[in-house]
Each structure stands twice: as C-alpha cells, then as structure tokens.
Amino acid sequence: MDSTSALVLDERGTLSVAQLVEQSGLSEAELHVLVDCGALAPHDLRASTWLFSTRCVVTARTARRLRDDFALDDVHAVAIMLRLRERIEALEQELRHLRSLR
Amino acid sequence: MKYKDYYAALGVERTATADQIKAAYRKLARKFHPDVSKEKDAEERFKDVAEAYETLKDPEKRAAYDQLGRHAPGDEFRPPPDWGQSFGGTQFSFDDVDLADLFANLAGQSRGRSRAPNAPRPGQDFEAAVRLTFEQAFTGTEIEFDMAVAEPDERGVLRRVPRKVKVRLPKGVTDGQKLRVPGKGAKGVNGGRDGDLYLDITVEAHPLYRADGLDLYMELPLAPWEAVLGATVELPTPAGRISLKVPAGTHAGQKLRVGGRGLSRPDGTSGHLYAVAQIVVPTVVDERQRALFGQLKDASTFNPRAHMT
C-alpha cells in the first residue's frame, strides 16, 4: 500500500483564494467578509490576487464548521466566534507554557 | 437499514416550516455543541441533532426523507425500490449503509452545488484524530488507519467499504497541529476531485520533556553543592545523552539553554531544549555530612531571606 505524506498546515505553504474556497467549503464572498473582519489575513492585503498561508485552511475550515454547526447566517458572527476561540486557544497555550515552567 | 426519526430528533412536527426547523436546530446546537456544552453525552446528542438537520434543512433531501414513510425509530426498513432514481439517479445498496450515508450521497446537495445528476462532485473530506507518542512526534512516523467509508462502487452503487490508509507524518509535529493528507478523503463522483483527509494531532505527555512549540523543557535536579560550585552533568536529550556544564551559582528555576536540541522540522528549523534547574536536598545524611553542613552554616553569612527584612 502506498503511503501519502501529510502536509503540515502552518505559515510556510501558500494558497490562492480558489484553493482556500475548495479546501474550506466557504464561498468566496464569505472569505472576503472574514478578511474584512480581520479573521483571515492574506500575505498582502493590497495585492491584486490574494495569497494565504496554509494555516488559513485551519481557520477557514473552523469558520465553515461553526457556520454549519450553529446554522449561522451572518459571517460576521462567525468572525467574532473565531476571535474568541483564538483568545481561548492563546490562553490555553500560555497556561501550558506556565505549567511547563512550574 | 435502521429508521431514524429526524423530526423527533429536532423536536418538531412533520409539518414544521423551514424556519421552525432551523430555530429548533439552533436551540439544540447551543445546548449540545461540544464547543459550548457542559451536558453529559453532548457530543453524541449533537451528532444526532446535526444528522437530522443536515437532511431536513435541504428541501430536496427532506422530500426524499418523507418518501421513506413513517416507521418507529430503530425499525429495520427498506426504502421503496424506485426511491434512489427520483433523487438524482444514484443507486444504493441498502444493506451496508446507514441513513446518514444515504442522504450524504444524495445528488443535488445544498450549498449551491450543481443539481445535474451527472455533474462532477468532489468527494467528502474526512477528519481523524491521531494520538502520537512524544518519540513519534520527535522523529516523524508512519501511521496506518482503518476506516469504513461509504462510497459508490464501479457501477455507482453506494456501499460501505473498509479502507486502509497509510500516512507519513513529518518530524516536528506538535500537539494541537492540523495536517492535510491530499486525496485521502472520499472518492469524487463523476470525475470530481477526491476529498482530503484532515488529521488532528495530539502528542502524549512525556515523563521528562514538555513541549512548547518547537522548544522543549525538562527539569534538571541539582544537589546544593552542584548548584553552588558548578558541575558537568549528563543530560538525556531526545536525540541522545549529552554533557551539560552547569555554571557555578545556578539558582532554582534558572533555565539552561541547550541550543538546537528541541523539536526540528524537515525544513531545518528547530527549537531549543531548556533544562530548568531544581535544587534538591538529600533526605538522609550521616554524621560526617551533618558535621560538614554544620561547618558550612557557621562559616556562611548568606541570608536567603534578606529581602524579607
């Protein structure tokens, strides 16, 4: 059986808008709203074609999951949920760091 | 196939409007979604509710569900023989799939996808949780999955088939990271692309090392005289034992950095290992040692509580 390499979704790889749409299940319009709200940041906001880090797939898929799971019509609400989740994750990471110094 | 009452799962009448169904689902999602719920069995309850909503929110799928007729929940039943044809022409083998598979693969899905029965449709993405030992994460590893997936065979008949997937994970994967395995989701339909497999990584705690990003932390117990006089100690790092020079006057909590001995990634980036000094004292001392400590006490003017006075 062939083995397939898993790709780490981090800051290093890049994706186009079309790839991000395909891999996240969000529409292009929804991605634009998330960028407007600051939930997703392309490498260069002013560039004519946006490029995103592959880490954005994680954020965009989380957004799609939250949208579907809570049947949210408003992507702005999704953006706020993402921001709150990010803060929780940052706090959890800090907690882990502090515990590692105990 | 076992019947599930999707209307009962959402607590609505069979005549409920789309808005009533959505409102009922939202209320239950707020109650049982694992991200927000403190209820017992929240995840199981949420899955049932989400499965029901996935079908009832789509008018076409809801109509297909209604055509299955009314049965008691859990009853074995078979859909009418022409059932699949009226909803996109997909054939089904009803014995080895469940109700959720049936609707997930129904042609003419929501979210603006093409409604033509022969239009290419991408395969569904899969997600899997992967638990790695610290050593596997440190060195990279190959893992094998057994999955049961519902996918159409060569005649387009939907079946639940076992699938083995082998995946290579690079070294330096950290706890909480997500990875994408391209093309290892469900097969695409009518020439659509295959779905992807997404992996959620958990790295098990290690008795010696704690990771923070690519950096590693470990405790370094030192005897009081080693901390005062300095010492060279043997340190077990994940990549092998090394000699570490502990400088004289090392205090408890001080971090001694061992460069490049943290986790490393295939692209060459790597973290550091930090040995955090701990001063430990012997619990049993003999007469001679007690006398020596006594001499040290008499000779020393050191006051560890000077800042408290």
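Directly after helix α2 of chain A, G38(A) adopts a positive phi of about 85°. The structure is a predicted model, in which local features need pLDDT of at least 70 and side-chain atom pairs count only at pLDDT 80 or more, while totals for chains, interfaces and linings use all residues. Residues are numbered from 1 along each chain as its sequence is written, chains are lettered from A and ligands numbered from 1 in the order in which they are written, and side-chain values use heavy atoms, with hydrogens and water left out.

Chain A contains four helices and four strands (DSSP runs numbered from the N terminus, helices being H or I with at least four residues and strands E with at least two), and these elements follow the pattern β-β-β-α-α-β-α-α along the sequence. Taken along the principal axes, the C-alpha atoms of chain A fill a box of roughly 45 × 40 × 30 Å. Of the 102 residues in chain A, 42% are buried (under 20% relative accessible area, with exposed meaning over 50% and partly exposed in between, for a 1.4 Å probe and protein chains only).

Helix α2 of chain A spans residues 28-36, and within this helix E30(A), L31(A), L34(A) and V35(A) are buried. Seen down the axis of α2(A), the buried residues fall within an arc of 140° and so line one face of the helix, the arc being that of the directions from the helix axis to the C-beta atoms. A29(A) and D36(A), on the other side of α2(A), are exposed. In the loop between α1 (17-24) and α2 of chain A lies S27(A), which is partly exposed at 31% relative accessibility; its C-alpha atom is separated by 9.4 Å from that of R64(A), although the two residues are 37 residues apart along the chain.

Over all chains the count comes to 25 salt bridges, each defined as a side-chain nitrogen of Lys or Arg within 4 Å of a carboxyl oxygen of Asp or Glu. Within chain A, R12(A) pairs in this way with D10(A), their closest N and O atoms being 2.3 Å apart; R12(A) is partly exposed, with a relative accessible area of 41%, whereas D10(A) is buried, at 9%. D73(A) forms a salt bridge with K22(B), with the closest N and O atoms 2.6 Å apart. This pair crosses between chains, from the loop between α3 (55-69) and α4 (75-100) of chain A, where D73(A) lies, to K22(B) in helix α2 of chain B. D73(A) is exposed, with a relative accessible area of 57%, and K22(B) is partly exposed at 22% relative accessibility.

In chain B, R131(B) forms a salt bridge with E204(B), the closest N and O atoms being 3.4 Å apart. The pair links distant parts of the chain, 73 residues apart, with R131(B) in strand β2 (residues 126-132) and E204(B) in the loop between β6 (197-203) and β7 (210-212). R131(B) is exposed, with a relative accessible area of 57%, while E204(B) is partly exposed, at 31%. Elsewhere, salt bridges that share partners join R65(A), D69(A), R85(A), E89(A) and D35(B) into one network.
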